[in-house]
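User: Hi, can you walk me through a structure? I'm new to this.
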There are 2 protein chains.
Amino acid sequence: MAEQIARDAANAFASLKTLSNDQRSTALQKIHVNLLKQKDEILVANKKDMDNAIASNLSSSLVKRLDLSNSGKFDTMLQGILDVADLPDPVGKCTLARKLDEGLNLYRVTAPIGVLLIIFESRPEVIANITALAIKSGNAAILKGGKESYETFKVMSDIVNSTLAQETDVPGLAVQLIQSRDEVSGLLSQDRYIDLVIPRGSNELVRNIKDNTKIPVLGHADGICSIYVDNEFDMEKAKRVIIDSKTNYPAGCNAAEQLLVNSSIDEASLNEILAALVEAKITIHVTPEVKSLIRSSILEQNAAFIKDTVADSFDKEYLSLDISVTFVHSTEDAIKHINTHSSKHTECIITESKEKADKFLGGIDSAGIYWNCSTRFADGFRYGFGTEVGISTNKIHARGPVGLEGLMSYQYQLKGDGHIVGEYLGGGGNKVFVHEDLDI
Amino acid sequence: MAEQIARDAANAFASLKTLSNDQRSTALQKIHVNLLKQKDEILVANKKDMDNAIASNLSSSLVKRLDLSNSGKFDTMLQGILDVADLPDPVGKCTLARKLDEGLNLYRVTAPIGVLLIIFESRPEVIANITALAIKSGNAAILKGGKESYETFKVMSDIVNSTLAQETDVPGLAVQLIQSRDEVSGLLSQDRYIDLVIPRGSNELVRNIKDNTKIPVLGHADGICSIYVDNEFDMEKAKRVIIDSKTNYPAGCNAAEQLLVNSSIDEASLNEILAALVEAKITIHVTPEVKSLIRSSILEQNAAFIKDTVADSFDKEYLSLDISVTFVHSTEDAIKHINTHSSKHTECIITESKEKADKFLGGIDSAGIYWNCSTRFADGFRYGFGTEVGISTNKIHARGPVGLEGLMSYQYQLKGDGHIVGEYLGGGGNKVFVHEDLDI
C-alpha cells in the first residue's frame with residue numbers, strides 16, 4: 001500500500017515536472033475556486049473535528065489551532081494559494097552557463113526535487129499551503145496530517161484531488177492525502193520513490209522520523225536559540241531584544257532559551273537586565289556566579305521567577321517563559337558555548353562594537369546569526385519568502401527558513417553536436433576545454 | 001576513540017571557520033612545499049605499498065592506481081594543491097541581500113558545512129586533493145584511505161598534520177587520517193559532530209556506508225547512464241557518441257550502460273549502429289525485438305559479442321564493454337524507461353530535432369541531461385570546476401559533479417538596531433516589512 005502511494009507519487013511527479021508555470025499556476029487558481037465554492041462543507045467538517053477535539057479533552061490551544069472558522073483564517077488560507085500561484089516560476093532558472101568548447105555548452109538549471117513526504121500535526125490550513133508550494137515548485141507531495149483534523153482534511157483533499165484530476169493538467173495524484181499512521185512507517189522506507197521528508201510538529205515527531213528513515217529529512221527537532229550580551233552594549237536594545245525573543249511566542253522554535261552575559265558588565269547593568277526579565281514574567285535559571293550578583297531585593301521579591309541552573313539547563317528547549325542565564329568571558333567564549341550547546345538554529349549578539357559583531361557573525365555555526373535584533377525574526381514570512389515549508393537546522397541543502405527555493409534542486413544540461421571525450425586532453429586526445437562563462 | 005576523532009574535528013572546524021582566505025591558502029602553499037621537500041620519503045613509502053600489493057596478488061590495474069612515481073603523477077598531485085589554493089574564496093560570498101525594514105538588513109552568506117568524513121579506496125593522491133579542497137572551503141576533514149596505500153598515507157598525513165600544526169593558522173586536526181576499519185563504523189555513528197560523509201569507491205563501499213549511517217551521504221552508488229537514439233538522428237554523431245560513452249573508460253560511473261533506440265528507425269540504420277558497436281569490441285545485450293532485426297551476417301560473424309538480455313539487463317552497471325539495447329516507441333517512452341531504470345546520473349538523447357531534445361531535457365529526472373554528446377563529459381574537470389570531490393546522484397544539496405561549491409552551505413545574517421518582532425504585523429504590532437532587495 002505504502003509502496004503504491006509512493007510509486008503513484010513518483011509517476012505523478014514525472015508528468016508534473018514537464019508542465020509549464022502557467023499550467024501549474026492555473027491548477028492552483030482552480031483549487032482556490034473550488035475550495036471557496038465549498039467553504040461551507042469544509043467548515044462543517046472542521047466543526048466536527050473541533051467537536052471531537054473538545055469531546056476528547058484536547059487542550060484549548062490545540063482546539064484553537066484546529067479552528068478554520070476563526071477571524072479570517074479560511075480566507076487567509078485561500079489567499080495564500082493565490083499568492084503562491086503569483087510567485088515567479090522557480091523551475092528552469094539558469095544559474096550557470098558555460099561554454100566548454102565550440103558548440104558544447106553547459107547549463108545548470110533549477111528543477112524540482114521529486115516526491116516530498118510532508119508530515120504535520122493539527123493545523124488544517126497546512127494542506128492548502130503545502131499543496132500550493134508543491135504544485136508551484138513541480139514537486140509531488142504525500143501529506144499526512146494529524147488525526148485531530150481528519151474530517152477537514154478529508155473534505156479538502158477530495159476537493160484538491162478532484163479539481164486536479166478533472167480541471168487541470170496536473171495529475172490528480174500529484175497531491176495525495178493519507179490517513180493512517182501505519183502508512184507513515186511504510187512510506188518512510190520508500191527511499192526509492194520519496195526524495196525528501198518534511199516533518200512539521202513537535203520535537204518528538206521530528207526526532208522519531210529522523211530515527212526511522214533513510215530518506216533525507218528537512219526541518220528541525222530543537223530550536224535552542226541564544227542571546228549574548230557583550231560588555232559594550234546598549235541597555236534599551238538589550239532589554240527589548242531579549243524580552244521579545246523570549247516572550248513574543250515562547251513555544252516557537254525561534255524563541256531564545258539561553259542568555260549569555262559578558263562577565264565584565266557591571267553589577268547594576270546585570271541587575272537591570274534580570275529585573276526586566278522577571279518583570280516580564282520570565283523565569284530565569286541562573287548559575288551560582290550569576291546568582292551571587294543579583295541584588296537581594298530582586299531575589300526576595302521575585303523568588304518564584306529565579307531558579308538555579310541544573311545539569312541540562314544549557315541543552316534544552318523550554319518552549320515556555322523560561323531562560324537559562326550564565327556568564328561568558330569574551331566573544332570567543334560565547335561562540336564556543338553556543339557552538340557546543342545550541343541546536344544551530346538562530347543566535348544573537350547584543351553589542352555596539354562592529355568588531356565583536358563581525359567576530360560573532362563569522363564564528364557561529366548556526367543557520368541564523370543576528371546582531372542587535374530578536375531571534376523571532378527567523379521566519380520565512382519575515383525574511384520575505386512569501387510562505388515557508390519550515391525552518392531547517394540541517395547543514396546541507398536548505399538552511400534556516402525554507403521557502404520555495406528550498407524545494408528546488410538543479411540539473412546540468414549539456415548541449416553538443418556529436419562531441420566526444422576521447423578527443424580531449426585527459427580523455428585520450430589533445431583538445432583543450434575553453435571553460436568560458438556565458439551570460440545567463 | 002571515534003567520538004574523540006569526531007569531536008577534535010568539530011573543534012578544529014570551529015577555528016578553521018574563522019580564518020581568512022589568505023590564511024587558508026597560505027596553509028596549502030606550505031603543505032605543497034613540505035610534500036615536495038619530502039618527495040623521496042613519500043615515494044619510498046609508496047614503493048612499500050606497491051610491493052605489498054604485488055606480494056598479495058592485487059590486480060595490476062589496482063597496483064597501477066597506487067603508483068605515485070608514474071608519469072608525473074606526483075607533480076600533478078602537488079600542482080593540484082596550488083591550483084586549489086589559487087581558486088577564488090568560496091567562503092563568505094553574499095548570495096542574497098534584503099532590507100527587511102529601516103536599519104534591519106538580511107544577508108545570505110556562503111559558509112563551510114562543517115566536518116566531512118571522506119572514505120576512499122587505494123589512490124593515494126586523493127589525500128592531497130581532499131586536503132586542499134577541505135582547507136580551502138573551511139571544512140574539517142576526516143580521511144580514511146584503503147589499506148593498500150597505508151604506508152603512503154602515513155607519511156603524507158604526518159607531513160600534512162605537522163605542517164598545519166607548526167607552520168600555519170589552520171589547526172593540525174583540521175585534517176585527520178585514520179587507519180582502522182573499526183574506527184569507520186564508530187565514525188559513521190557520530191552524527192552529532194560529522195555533517196557529511198563522502199565515499200569514493202566501489203558501489204559496495206557506497207551502499208554499505210549509506211546503509212550504516214544517519215549522516216547525509218554525498219555521492220553515487222551506481223552510475224547507470226543511458227543513450228536514446230531518436231529516429232531523426234545523425235548517424236555519425238550517434239556512432240561517435242555511443243562508442244565514446246561506452247569505451248572511453250568503461251569502469252567510469254559516467255559510462256553508458258543502456259542504449260534505447262526509437263523503434264521506427266529503419267533496419268539498415270539499426271544494423272549500422274550495432275555493427276559499429278560490435279566492431280568496437282562492445283558486447284551488445286539485445287532484446288528479442290532488436291535481435292530479430294539484426295542481419296544474419298552480423299549475427300554470425302560476431303556471435304561472441306551479441307547476447308540476449310536477461311531480467312536485470314536494464315537495471316545494472318556493467319563497468320565493462322557491455323551495453324543493453326532495447327526499442328522504445330517515442331521520446332516520452334524513452335523518458336519513462338530512463339526515469340524508471342536509471343540511477344539518475346547522466347542520460348543523453350541523439351536527435352536533430354530541437355523539439356524532441358527539449359522534451360527530453362525537460363522530462364528526465366537525472367543530474368545530467370545531454371543532447372548529442374558523450375555521457376563521459378559528466379566530470380568536474382570537464383565542467384570547469386577545477387577539481388571534484390565526486391559525482392552526486394542525490395537529489396538534495398549538490399548534484400552531478402561536485403566541486404568546491406558542493407562543500408559549501410550558507411547562513412543568514414540579520415543586522416538590526418534593537419528591532420523586535422512584537423512591533424510588526426503578525427507578531428503583535430502593526431509595522432509592515434519593506435522586503436526590498438539590495439544590491440549585492
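This is a predicted model: local features need pLDDT of at least 70, side-chain atom pairs count only at pLDDT 80 or more; totals for chains, interfaces and linings use all residues.
Analyst: Here we go through how the chains meet, pair and relate to each other.

User: OK. How many residues of chain A are in contact with chain B?
Analyst: 75 residues of chain A touch 75 residues of chain B.

User: And what area is buried between chain A and chain B?
Analyst: About 6,300 Å². Carbon and sulfur atoms give 52% of that area. The size of an interface is often given as the accessible area lost when the parts come together.

User: How many salt bridges are there between chain A and chain B?
Analyst: The count is eight. One of them joins the side chains of B:Glu405 and A:Arg108, at 3.5 Å from N to O. As background, side chains of opposite charge can pair when their charged atoms come close.

User: What about polar contacts across the interface?
Analyst: The rule finds 63 residue pairs in polar contact between chain A and chain B, with both residues at pLDDT 80 or more.

User: Which element gives the largest share of chain A's side?
Analyst: Strand 16 of chain A, residues 408-419. It brings 11 residues to the side that touches chain B. By class, that side of chain A has 31 nonpolar, 24 polar and 20 charged residues.

User: Back to salt bridges. How many does the structure hold over all chains?
Analyst: 52. Among them is the pair B:Asp417 and A:Lys237, with the closest N and O atoms 2.5 Å apart. B:Asp417 sits in strand 16 of chain B and A:Lys237 in helix 10 (residues 235-247) of chain A, so this pair joins two chains.

User: New topic: strands. In what sense do strand 13 of chain A and strand 16 of chain B pair?
Analyst: Parallel, over five bridges. Strand 13 of chain A covers residues 368-373. A:Gly368 there stands opposite B:Tyr412 in strand 16 of chain B.

User: What is the order of the open sheet of 11 strands?
Analyst: The order is 17(A)-1(A)-2(A)-16(A)-13(B)-12(B)-7(B)-8(B)-11(B)-9(B)-10(B), and the pairing is mixed. Strand 17 (436-437) of chain A and strand 10 (306-308) of chain B stand at the edges. Each has a single partner strand, so one side of each is left without a neighbour in the sheet.

User: How many bridges join strands 12 and 13 of chain B?
Analyst: Four, and the two strands run parallel. B:Glu347 stands opposite B:Ile369 in strand 13 of chain B.

User: Why do the copies meet through the same surface?
Analyst: Because 99% of the interface residues of chain A are also interface residues in chain B.

How values were computed:
Residues are numbered from 1 along each chain as its sequence is written. Chains are lettered from A and ligands numbered from 1 in the order in which they are written. Side-chain values use heavy atoms; hydrogens and water are left out. Contact means heavy atoms within 4.5 Å. Buried area is the accessible area (1.4 Å probe) that two parts lose on being put together, summed over both. A salt bridge is a side-chain nitrogen of Lys or Arg within 4 Å of a carboxyl oxygen of Asp or Glu. A polar contact is a pair of N or O atoms within 3.5 Å; within protein, one must be able to donate a hydrogen and the other to accept it, and residues adjacent in sequence count only if both atoms are side-chain atoms. Ala, Val, Leu, Ile, Met, Phe, Trp, Tyr, Cys and Pro count as nonpolar, Asp, Glu, Lys and Arg as charged, and the others, Gly among them, as polar. Two strands pair if DSSP finds at least two bridges between them.
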